[in-house]
Amino acid sequence: MSQGTSTDFDILVSRNYLLFIGVYLTVFYLNTLFLIPKLYFQKHYLLYFGIFAIMLIVVSWLKPYDNLIFQKFNHFSEQRILSPSEFHGQYRPEPPHEVQRRPPFVDIVSIFLFFTIWMLGMAITVALKWQLTEKKAVQAEADKVTAELSFLKAQINPHFLFNTLNNIYTLATMNHENTAPSIMKLSHIMRYVTDEITEDFVPLSSEIACISDYIDLQKLRLTPKTSVCFEVNGEVGYREIAPLILMTFVENAFKHAVSNREESAIMIKILGENNTIKFSCQNTLFTQARKVERTGIGIQNTKKRLEYSYPERHSLTISQENGLYMVELFLQN
């Protein structure tokens with residue numbers, strides 16, 4: 001092993017080098033793992049900065065950097081003085097100016113390294129704390145949206161079933177021959193409502209089947225004065241939709257557009273093309289109903305569900321014109 005390599009190895013295993021590494025590792029990990037989480041984040045600022053001042057004094061007293069540098073300088077000086085004597089086999093006294101040097105009274109570099117490592121530890125810890133807080137905030141917002149969406153779905157179920165059961169009850173009191181088939185259609189609707197409503201998205205074909213059964217139930221109580229047109233076009237087999245999104249508007253149309261004295265019409269169209277589902281619903285708006293703002297619990301809930309399920313991927317237009325109430329909805333898959 002060469003003499004230079006031996007000198008470097010001696011320094012690496014020396015007390016001053018171990019002191020240098022130990023001091024700054026202690027400063028970094030004590031600050032990041034204990035002082036900041038337990039004191040600074042808990043707002044014990046006086047105690048935190050008191051320990052900071054004590055550690056600064058200790059580092060200033062230990063002088064880890066200067067001791068390490070001057071150890072290497074003095075070791076090099078000894079090698080430079082002794083090597084010629086050993087080479088010639090003669091004794092050469094050490095010159096007066098070659099005495100070992102001592103570190104200065106104030107170790108500026110050690111203090112600078114202390115501040116740098118302290119602030120680095122604080123920056124890393126605060127950044128990690130901020131990321132964790134941001135992650136918790138995002139998760140809390142997601143949990144809130146999920147809870148609100150579940151609440152909205154829970155509101156839709158009884159509202160929808162209540163109106164349908166009323167229609168079946170009317171048929172039963174009249175001893176209508178279609179009472180039994182109506183109950184079967186209602187069972188299909190209830191199966192859809194209870195089984196599929198828990199899902200965020202369901203096949204569009206399931207929603208269409210539910211609408212079809214619902215329209216058939218409604219037709220049983222309609223008079224010839226009300227006409228109903230229901231059309232489904234395009235490719236709908238592989239598409240998905242949030243459950244009961246369309247049903248709300250269909251139910252609303254039958255609720256407000258049926259009259260035993262005046263002519264009325266309900267037109268419902270569903271079109272699937274490209275990546276878009278287009279839905280339109282149009283019904284007669286009677287004079288006495290025009291003064292009533294038709295934004296009940298079903299419509300309001302559906303608007304919120306659209307915001308949650310189709311953020312910036314839907315367009316809903318509700319308008320009244322020429323005695324007609326019109327709904328146009330575009331959904332992007």
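# Report on a predicted protein model

Thr173 is partly exposed, with a relative accessible area of 46% (partly exposed lies between buried, under 20% relative accessible area, and exposed, over 50%, with a 1.4 Å probe and protein chains only). Thr173 belongs to helix 5, which covers residues 108–173. A polar atom of the Thr173 side chain is 2.7 Å from the backbone oxygen of Thr170 (a polar contact is a pair of N or O atoms within 3.5 Å; within protein, one must be able to donate a hydrogen and the other to accept it, and residues adjacent in sequence count only if both atoms are side-chain atoms).

The model is predicted: local features need pLDDT of at least 70 and side-chain atom pairs count only at pLDDT 80 or more, while totals for chains, interfaces and linings use all residues. Residues are numbered from 1 along each chain as its sequence is written, and side-chain values use heavy atoms, with hydrogens and water left out.

## The whole protein

The protein contains nine helices and seven strands (DSSP runs numbered from the N terminus, helices being H or I of at least four residues and strands E of at least two). Buried residues make up 34% of the 333 residues of the protein. Of the contacts between residues at least 6 apart in sequence, 76% join residues at least 24 apart (contact means heavy atoms within 4.5 Å).

## Helix packing

Two packed helices are described by the angle between their axes and the distance between the axes. Here the axes are lines fitted to C-alpha atoms, for helices over the stretch in contact, and angles run from 0 to 180 degrees between N-to-C directions.

| Helix pair | Angle | Axis distance |
|---|---|---|
| Helix 2 (residues 15–40) and helix 3 (residues 45–62) | about 175 degrees | 11 Å apart |
| Helix 6 (residues 179–196) and helix 7 | about 150 degrees | 9 Å apart |
| Helix 7 (residues 204–219) and helix 8 (residues 245–256) | roughly 15 degrees | within 9 Å |

Helix 2 and helix 3 are therefore roughly antiparallel to each other (angles under 35 degrees count as roughly parallel, over 145 as roughly antiparallel, 65 to 115 as roughly perpendicular and the rest as oblique). On the helix 2 side, the contact includes Leu19, Val23, Tyr24, Val27 and Leu30, and on the helix 3 side it includes Tyr45, Leu47, Tyr48 and Phe49. By class, this contact of helix 2 with helix 3 has 17 nonpolar, one polar and no charged residues (Ala, Val, Leu, Ile, Met, Phe, Trp, Tyr, Cys and Pro count as nonpolar, Asp, Glu, Lys and Arg as charged, and the others, Gly among them, as polar).

Helix 6 and helix 7 are likewise described as roughly antiparallel to each other. Their contact is formed by Ser182, Lys185, Leu186, His188, Ile189 and Tyr192 of helix 6, together with Ser206, Glu207, Cys210, Asp213, Tyr214, Asp216 and Leu217 of helix 7. These residues of the contact of helix 6 with helix 7 comprise six nonpolar, three polar and four charged. The crossing of helix 6 past helix 7 is left-handed (left-handed if the near helix is turned anticlockwise from the far one by less than a right angle, right-handed if clockwise).

Helix 7 and helix 8, in turn, are roughly parallel to each other, and helix 7 passes helix 8 in a right-handed crossing. Helix 7 contributes Leu204, Glu207, Cys210, Ile211, Tyr214, Ile215 and Gln218 to the contact, and helix 8 contributes Ile245, Leu246, Met247, Val250, Glu251 and Phe254. The contact of helix 7 with helix 8 divides into 10 nonpolar, one polar and two charged residues.

Helix 8 is mostly covered, with 10 of its 12 residues buried. Among them are Ile245, Leu246, Met247, Val250, Glu251 and Phe254.

## Two loop residues with positive phi

Most residues other than glycine have a negative phi, and most peptide bonds are trans. Leu244, in the loop between strand 3 (240–241) and helix 8, has a positive phi near 65 degrees. Leu244 is buried, with a relative accessible area of 2%.

Glu312 also has a positive phi, near 60 degrees. Glu312 sits in the loop between helix 9 (297–309) and strand 6 (314–321). With a relative accessibility of 81%, Glu312 counts as exposed.

## Thr284 in strand 5

Strand 5 (residues 276–284) contains Thr284, a buried residue with a relative accessible area of 14%. The Thr284 side chain reaches the backbone nitrogen of Ala265 at 2.9 Å. Apart from its neighbours within four places in sequence, Thr284 is in contact with His256, Ala257, Glu263, Ser264, Ala265, Gly323 and Leu324.
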